[in-house]
Amino acid sequence: MSHRILLLSGPNLNLLGTREPDVYGTTTLDDVVRTVTAAAGQRDATVTHLQSNHEGELVEALHAAIGSADGLLVNLAAYSHTSVALRDAIRATGLPCVEVHLSNVHAREEFRHTTLTGGVSLGVITGFGLGSYTLGLTALLDHLDG
Ligand code: DQA
């Protein structure tokens, strides 16, 4: 079956490639979207991507996913650690969600060790760079395929 995936990117991820390359590498957000879209295509799934630096816009993108997407692949960046609103919005969609992070959040500052959005996700994949996204996509599509 053809699944529709919403790929959602949080604040500062528009700067990937030049932002703290020692932590996040030189992969750009365009590279992420291209790679996830190609990997999804191999499994007959489609990807819609939205990046925003604004919490409310991300909440609204999640609302818009109701009825238009089958699953969520999210890197909500810093909001993962802080946003009750995004956690509630993921729950409200009723859609399966996989959370990914480029860096290993558990190997970094203590405030990154908890993700509020991870608790409403099927699982969290953290620390594998671009690989976190492809692993996360595989997990999400496997779940959707049942
Ligand atoms: C991140 C990890 C977050 O802690 C951080 O705020 C980010 C990126 C990651 O992909 O490694 O902006 O989500």
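Contact here means heavy atoms within 4.5 Å. The model discussed is predicted.

Q: Which residues of H3 and H5 meet by this rule?
A: On the H3 side they are Glu55, Leu58, Val59, Leu62 and His63, and on the H5 side Ala85, Leu86, Ala89, Ile90 and Thr93. Sorted by class, the contact of H3 with H5 comprises 7 nonpolar, 2 polar and 1 charged residues.

Q: What makes H3 roughly parallel to H5?
A: The axes of helix H3 (residues 55–65) and helix H5 (residues 84–93) cross at roughly 5° and come within 9 Å. Angles under 35 degrees count as roughly parallel, and H3 is therefore roughly parallel to H5.

Q: Why is the meeting of arginine 4 and aspartate 70 called a salt bridge?
A: The N to O value for these two side chains is 3.0 Å. The rule asks for a side-chain nitrogen of Lys or Arg within 4 Å of a carboxyl oxygen of Asp or Glu, so the pair qualifies. By this rule the count comes to 6 salt bridges.

Q: Which parts does the pair of arginine 4 and aspartate 70 tie together?
A: Arginine 4 belongs to strand E1 (residues 4–9), whereas aspartate 70 sits in the loop between H3 and strand E3 (71–75); the pair therefore ties together parts that are 66 residues apart in sequence.

Q: How many residues line the largest pocket, and which lie nearest its centre?
A: The lining has 15 residues, with Tyr24, Ala77, Ala78, Arg108 and Arg112 nearest the centre. The lining divides into 7 nonpolar, 5 polar and 3 charged residues, and the largest pocket holds about 150 Å³ of space.

Notes. Residues are numbered from 1 along each chain as its sequence is written. This is a predicted model: local features need pLDDT of at least 70, side-chain atom pairs count only at pLDDT 80 or more; totals for chains, interfaces and linings use all residues. Side-chain values use heavy atoms; hydrogens and water are left out. On a 1 Å grid over the protein atoms alone, a cavity is a set of points where a 1.4 Å probe fits but cannot get out, and a pocket is an open set with protein on both sides within 12 Å along at least five of seven lines; lining residues have an atom within 4 Å of a point. Grid points are joined across faces, edges and corners, and a volume is the space filled by probe spheres set on the points. Ala, Val, Leu, Ile, Met, Phe, Trp, Tyr, Cys and Pro count as nonpolar, Asp, Glu, Lys and Arg as charged, and the others, Gly among them, as polar. Axes are lines fitted to C-alpha atoms, for helices over the stretch in contact, and angles run from 0 to 180 degrees between N-to-C directions. Helices (H or I, at least four residues) and strands (E, at least two) are DSSP runs, numbered from the N terminus. Angles under 35 degrees count as roughly parallel, over 145 as roughly antiparallel, 65 to 115 as roughly perpendicular and the rest as oblique.
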